[in-house]
Amino acid sequence: MRGRTDIVEPGRSAEVVDVSAADQDLTAGAASLYVGICPAATGDVSVRLVGTGDAVVLTVVPGTLLPAVVDKVYKVGTTATGIVALYD
């Protein structure tokens, strides 16, 4: 699927992401993240993209499905909640 940005594969399994206490490593690199709740009209999700090692902060609206392969969600910089990691 490399190079395609118009398709999001359906998730075959899921994991709740809770960074209220600490960063959360995702078991196998999530294929996408669903963000359900934001503190205002938008919220931030601080993640590490697979293969980069760098933290990236993404600003989203509630109900966003982020098609990004992520292996860590950081506590610092994340204001959104109701996050679910989807795996293919």
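**Entry 1: strands β4 and β5.** I looked up D44 and found that its bridge partner in β5 is T59. Strand β4 (residues 43-49) and β5 run antiparallel and are joined by six bridges. Strands here are DSSP runs of E with at least two residues, numbered from the N terminus; two strands pair if DSSP finds at least two bridges between them. I note that this is a predicted model, in which local features need pLDDT of at least 70, side-chain atom pairs count only at pLDDT 80 or more, and totals for chains, interfaces and linings use all residues. Residues are numbered from 1 along each chain as its sequence is written, and side-chain values use heavy atoms, without hydrogens and water.

**Entry 2: the sheet containing β4 and β5.** I traced an open sheet of four strands, ordered β2-β7-β4-β5, with antiparallel pairing. Because β2 and β5 (55-60) each have a single partner strand, they stand at the edges, and one side of each has no neighbour in the sheet. From one strand to the next the twist averages 30°; axes are lines fitted to C-alpha atoms, and angles run from 0 to 180 degrees between N-to-C directions.

**Entry 3: Q24.** I placed Q24 in strand β2 (residues 24-30). Is Q24 buried or exposed? Its relative accessibility is 14%, so Q24 counts as buried (under 20% relative accessible area, 1.4 Å probe, protein chains only). I then listed polar contacts (pairs of N or O atoms within 3.5 Å; within protein, one must be able to donate a hydrogen and the other to accept it, and residues adjacent in sequence count only if both atoms are side-chain atoms). The Q24 side chain reaches the backbone nitrogen of D18 at 2.7 Å, and a polar atom of that side chain lies 3.2 Å from the backbone oxygen of V16. Beyond neighbours within four places in sequence, the contacts of Q24 (heavy atoms within 4.5 Å) include E15, V17, V19, D71, K72 and V73.

**Entry 4: the sheet containing β6.** I found an open sheet of four strands in the order β1-β8-β3-β6, paired antiparallel. Its edge strands, β1 (13-17) and β6 (64-66), each pair on one side only. Five bridges join the antiparallel strands β3 (residues 32-37) and β8 (residues 81-87); V35 has I83 as its bridge partner in β8.

**Entry 5: T64.** I located T64 in strand β6. T64 is buried, since its relative accessible area is 16%. Its side chain reaches the backbone oxygen of V61 at 2.5 Å. Leaving aside neighbours within four places in sequence, T64 is in contact with L33, Y34 and V35. The C-alpha atoms of T64 and G36 are 7.0 Å apart, although 28 residues separate them along the chain.

Note on methods
Buried < 20%, exposed > 50% of the residue type's maximum accessible area, 1.4 Å probe, protein only.
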